[in-house]
Amino acid sequence: MIYVQIMVRIALLMVSILGYILVLSKHVRIELTPGLTFSGIGALMFFAGLLNVLQEMAWCIFLAGILCLVYSLYKEKRFRKDVLCPGILFFGFAVVFFFLLLYGSVFENIDNFTHWGVASKVLLKTDFFPDLDRIVYRYPSYPVGSACIIYYVTKIIGIQSEWLQMWAQAMLMA
């Protein structure tokens with residue numbers, strides 16, 4: 001039963017991201033929209049981290065993406081075929097490929113243990129950015145930008161496993 005719940009949450013996350021892709025595609029070339037979507041989510045999550053409202057912002061971004069999809073489908077009255085261009089299909093393939101590749105994986109690389117993996121775990125445990133007064137964090141000069149994307153994905157899906165954090169990182173790079 002838990003696997004069904006996780007798959008439903010992953011599907012809802014993809015629906016939310018598709019909503020942003022459809023809205024952004026009205027203003028820029030559709031091939032650029034996955035990168036813009038993840039960059040925008042990362043920037044908003046970083047700003048939310050500065051204000052100590054990470055969890056609230058994650059859910060607002062998620063719901064806004066679903067609303068963007070509803071708006072896009074309502075406005076167009078049909079699903080646009082140009083969404084199925086090679087760039088978006090490649091992104092979708094990469095997301096599925098990395099999901100299958102990373103499912104069940106654990107952190108093995110030094111970068112995972114010392115930088116973004118640690119930063120994302122701190123964010124997930126505390127729901128705010130690490131600082132020297134509240135948390136002993138070995139690399140305070142490491143930027144937590146990619147950890148914000150990881151935080152967003154893991155909060156929406158609802159599990160904090162290492163394979164999911166690596167998948168979120170892979171989606172950011174895809």
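Predicted model: local features only at pLDDT ≥ 70, side-chain atom pairs only at ≥ 80, totals over all residues.
Close-up 1. Leaving aside neighbours within four places in sequence, the contacts of I157 are I6, R9, I10, L13, L164 and W167. I157 is also one of the residues with the most contacts inside the largest nonpolar core.

**Close-up 2. The largest nonpolar core.** This core has 48 residues. Besides I157, the residues with the most contacts inside the core are L13, M45, Y152, V153 and W167. At least two core residues come from each of α1 (2-24), α2 (33-50), α3 (54-76), α4, α6 (116-126), α7 (145-157) and α8. Helix α7 gives the largest share, nine residues. In soluble globular proteins, nonpolar side chains tend to be buried together.

**Close-up 3. Helix α1 and its cover.** The 23 residues of α1 should span 33 Å at 1.5 Å a residue, and the C-alpha atoms at the ends of α1 are 33 Å apart, which agrees. The buried residues in α1 are I6, I10, L13, S16, I17, G19, Y20, I21 and L22. An α-helix has 3.6 residues a turn, so residues three or four places apart point the same way. The cover over the buried residues of α1 includes α2, α3, α4, α7 and α8.

**Close-up 4. Packing of α2 against α7.** Two packed helices are described by the angle between their axes and the distance between the axes. For α2 and α7 the angle is about 95° and the axes are 8 Å apart. Because angles of 65 to 115 degrees count as roughly perpendicular, α2 is roughly perpendicular to α7. On the α2 side, the contact is made by F38, I41, G42, M45 and F46. On the α7 side, C148, I149, Y151 and Y152 take part.

**Close-up 5. Aromatic pair F97 and F98.** The model has nine aromatic pairs. In one of them, the ring centres of F97 and F98 are 5.4 Å apart and the planes lie at 65°, so the pair is edge-to-face. F97 has 42% relative accessibility and therefore counts as partly exposed. F98, at 26% relative accessibility, also counts as partly exposed.

**Close-up 6. Aromatic pair F99 and W163.** This pair is edge-to-face, with 5.4 Å centre to centre and 80° between the planes. The pair links distant parts of the chain: F99 lies in helix α4 (residues 86-102) and W163 in helix α8 (residues 162-173), 64 residues apart. F99 and W163 are both buried. Together with Y103 and W167, F99 and W163 form one aromatic cluster.

Notes: Residues numbered from 1 in each chain as written. Heavy atoms only, no water. Phe/Tyr/Trp six-rings, centres within 6.5 Å; stacked < 30°, edge-to-face > 60°. Buried < 20%, exposed > 50% of the residue type's maximum accessible area, 1.4 Å probe, protein only. Helix = DSSP H or I, 4+ residues; strand = E, 2+ residues; numbered from the N terminus. Core = buried A, V, L, I, M, F, W, Y, C linked by side-chain atoms within 4.5 Å. Contact = heavy atoms within 4.5 Å. Expected span 1.5 Å × (residues − 1). Axes fitted to C-alpha atoms, helices over the stretch in contact; angles between N-to-C directions. Parallel < 35°, antiparallel > 145°, perpendicular 65-115°, else oblique.
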